[in-house]
Amino acid sequence: MLRIYTEKIISSLVLDESNVGEVKPEVKPPSGRDPFRELFLKHAGEDGKLKAKELKEFVLQLSTTELNEPLKFSTETCRSLITMMDRNKSGAVDHEEASKMWKEVKAYRAVFQQFDLDGSGTVDTYELDKLFSTLGFPVNRMVQTAIVRRYADRNNKIRLTDFIIVICKLTLMFQIFKDQQVKTGRPDSATFSMNEFLYYTMYC
């Protein structure tokens with residue numbers, strides 16, 4: 001059996017919007033129109049859901065329209081977003097899940113921009129501790145080192161698209177640990193069989 005330990009599990013994985021600074025009021029469309037839904041249906045498949053490549057185009061067009069900034073997410077970033085929001089593990093997101101996902105993306109972007117002081121679209125990795133603390137993740141130095149080695153560039157900077165992947169993984173892994181912790185009834189650890197461990201690591 002494989003056992004994974006943690007110093008402390010966060011009690012909630014829902015982002016507290018009070019941490020992301022002032023949120024500008026959204027401009028509501030004319031009565032009777034729902035641009036988000038219209039755009040969702042434009043990109044969704046026949047099943048009414050978005051897969052990763054469809055989500056990539058959806059986010060690009062939505063961000064260009066709503067934020068005046070095209071968010072050019074990679075397919076891998078979109079896979080991570082789907083995995084985080086796809087509660088029934090269908091491999092795609094429906095309209096409701098996509099709506100919640102977009103709110104999360106905007107919140108994460110707002111936090112990221114607080115630390116992107118020069119507006120370069122990157123954050124110095126030495127700021128990760130403060131950044132994760134702002135989001136409520138108890139990430140220790142060892143985990144931060146692993147994140148830097150995997151996602152930082154040669155200048156020790158991390159881009160928004162990679163930051164989104166990291167947050168998605170952390171969110172999922174904390175939740176998986178918490179769920180498994182309840183099953184095993186241990187206060188500070190969780191026990192996984194080999195197949196469970198492989199399943200969750202591949203899924204994340």
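User: How do helix H2 and helix H4 pack, and at what angle?

Analyst: H2 (residues 52-66) and H4 (residues 95-115) pack at about 60 degrees, with axes 12 Å apart. Axes are lines fitted to C-alpha atoms over the stretch in contact, and angles run from 0 to 180 degrees between N-to-C directions. The model is predicted: local features need pLDDT of at least 70, side-chain atom pairs count only at pLDDT 80 or more, and totals for chains, interfaces and linings use all residues. Residues are numbered from 1 along each chain as its sequence is written, and side-chain values use heavy atoms, without hydrogens and water.

User: Why are H2 and H4 called oblique?

Analyst: Under 35 degrees counts as roughly parallel, over 145 as roughly antiparallel, 65 to 115 as roughly perpendicular, and the rest as oblique. The angle is about 60 degrees, so the pair is oblique.

User: Which residues of H2 meet H4?

Analyst: Leu55, Val59, Leu62, Ser63 and Glu66 in H2 meet Met101, Trp102 and Lys106 in H4. Contact means heavy atoms within 4.5 Å.

User: What makes the buried residues of H1 line one face?

Analyst: Phe36, Leu39, Phe40 and His43 are buried in H1 (residues 35-43). Seen down the axis, they fall within an arc of 105 degrees, so they line one face. The arc is that of the directions from the helix axis to the C-beta atoms. Leu41 and Lys42 are exposed on the other side. The cover over the buried residues of H1 includes H2 and H4.

User: Which residues of H6 are buried, and what covers them?

Analyst: Gln144, Ile147 and Tyr151 are the buried residues of H6 (residues 141-151). Their arc is 60 degrees, so they too line one face. Helix H5 (128-135), strand E3 (157-159) and helix H7 (160-184) are among what covers them.

User: Why does aspartate 129 count as partly exposed?

Analyst: Buried means under 20% relative accessible area, exposed over 50%, partly exposed in between (1.4 Å probe, protein chains only). Aspartate 129 has 35% relative accessibility, so it is partly exposed.

User: What joins aspartate 129 to glutamine 144?

Analyst: A polar contact of 3.2 Å joins their side chains. The cut-off is a pair of N or O atoms within 3.5 Å; within protein, one must be able to donate a hydrogen and the other to accept it, and residues adjacent in sequence count only if both atoms are side-chain atoms. Aspartate 129 lies in H5.

Conventions: Helices (H or I, at least four residues) and strands (E, at least two) are DSSP runs, numbered from the N terminus.
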